[in-house]
Amino acid sequence: MGRVTTRRRVLHLTDGAVSARPDTLVVEEPLEIRLNGAAITVTMRTPGADVELTQGFLVGEGVIARRDDVVTVRYCPGATDNGRNTYNVLDVTLAPDVATPDTDVTRNFYTTSSCGVCGKASLDAVELVSRHSPGDDPATVAATTLSALPDRLRAAQKVFASTGGLHAAALFTTAGDCLTVREDVGRHNAVDKVVGWALEQGRLPLAGTVLMVSGRASFELTQKAVMAGIPILAAVSAPSSLAVDLAERSGLTLIAFLRGSSMNVYTRPDRVTS
C-alpha cells in the first residue's frame, strides 16, 4: 500500500538565515480505475481508502447506487512490466445486472488532483441525472450547528496538520455528529472517499446529512452531493455559479463562506434554522 506522506530535504530561508531541514510532503500518485477489466479513468490521489474512492467515484458517475451493484474491488497484480503490484490499479467487477457505462471518447477522462471533470469530452457528459432526490429531503440544520463544523473538520485533518497539503470532506448528521472524515490531495477525491464509505455502510442515499468540504463549492462537488442524495452542502470558501445553479435545480441547500457564525446560504434557505 502506498504511503500517505513522504520526507524531503529543503532549504529554508527566513529573515536572512539559511538552513537545511526535512519537510513532510503529502504523496500524490495516479490511480487507474478499471471496470470489468477495462480502464475507464486515471485520477491523481493520495493513497489510502482507494476502494472507497473508487466506489464513490462510480456513484458520482451514476454507474452504481448500492453496495450490491459491486461484486469485487481488487488491486491488479502485475500492474507493471516486471509483474510488481504498484497498488495504483483497481479493478471493479460489477454485478451482472449493472450496465457497464459507455467508454467512448465522451466518457473517458483523465482527472487531476484539482479537477474531476476537466477532461470530459462533451458538455452532455458533464451533468448527470441522480437516482436520488435531495430536494425532497425534509432535513433542517441549526445555524449554530453549521458554525461549529469548519473547526471540527479542521481538527480531524490529521495529515493536513503535518503537511498543509490536503483537502478534506466530512459527513455530519444535522445534529452535528461526525459520521466520517476523509483527506486527499484532490477535493473531489476526498468527497468520493466519503461517498464510498457510505456505500460500504449501506447508507445511500445520504438523507439527513451535511457534507462539509474544506475548500470551495465547485460544480463537481455539488454534483457528487446530489448523486449521493445529500441534502446540505457546506463549504468554507466560495461557490461557483454552476454549483449554485445545480443546487437550485436539485433542491440542495448550498452554504458557502462558512466561517464562524458567518455564512452565505445560496439555495433552499428554509433548511437552515436560527
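In strand β13, L254 stands opposite L233. Strands β12 (residues 232-235) and β13 (residues 253-259) run parallel and are joined by three bridges. The model is predicted, with local features requiring pLDDT of at least 70 and side-chain atom pairs counted only at pLDDT 80 or more, while totals for chains, interfaces and linings use all residues. Residues are numbered from 1 along each chain as its sequence is written, and side-chain values use heavy atoms, with hydrogens and water left out.

An open sheet of six strands has the order β10-β9-β11-β12-β13-β14, with mixed pairing. Two strands pair if DSSP finds at least two bridges between them; strands (E, at least two residues) and helices (H or I, at least four) are DSSP runs numbered from the N terminus. At the edges are β10 (178-184) and β14 (262-265), each of which pairs on one side only. Neighbouring strands of this sheet are turned against each other by 20° on average, direction ignored. Helix α2 (residues 143-156) lies across β9 (167-173), β10, β11 (209-213), β13 and β14, and runs at about 50° to β11. Axes are lines fitted to C-alpha atoms, for helices over the stretch in contact, and angles between N-to-C directions run from 0 to 180 degrees.

Helix α4 contains 14 residues and spans 20 Å from its first C-alpha to its last, close to the 20 Å expected at 1.5 Å a residue (the expected span being 1.5 Å times one less than the number of residues). Of these 14 residues, 13 are buried (under 20% relative accessible area, 1.4 Å probe, protein chains only). Just after α4, G202 has a positive phi of about 70°.

The axes of helix α1 (residues 50-60) and α4 come within 6 Å and cross at roughly 90°. The two helices are therefore roughly perpendicular (65 to 115 degrees; angles under 35 degrees count as roughly parallel). Contact, meaning heavy atoms within 4.5 Å, involves V51, L53 and F57 of α1, among others, and residues of α4 including V195, W197 and L199. By class, this contact has seven nonpolar, four polar and four charged residues. Ala, Val, Leu, Ile, Met, Phe, Trp, Tyr, Cys and Pro count as nonpolar, Asp, Glu, Lys and Arg as charged, and the others, Gly among them, as polar.

Helix α4 (residues 187-200) also packs with helix α5 (residues 219-227), at an angle of about 5° and with the axes 10 Å apart. This angle makes α4 roughly parallel to α5. R187, H188, V191 and D192 of α4 make the contact with E220, L221 and K224 of α5. The contact comprises two nonpolar, one polar and four charged residues.

Key
Parallel < 35°, antiparallel > 145°, perpendicular 65-115°, else oblique. Buried < 20%, exposed > 50% of the residue type's maximum accessible area, 1.4 Å probe, protein only.
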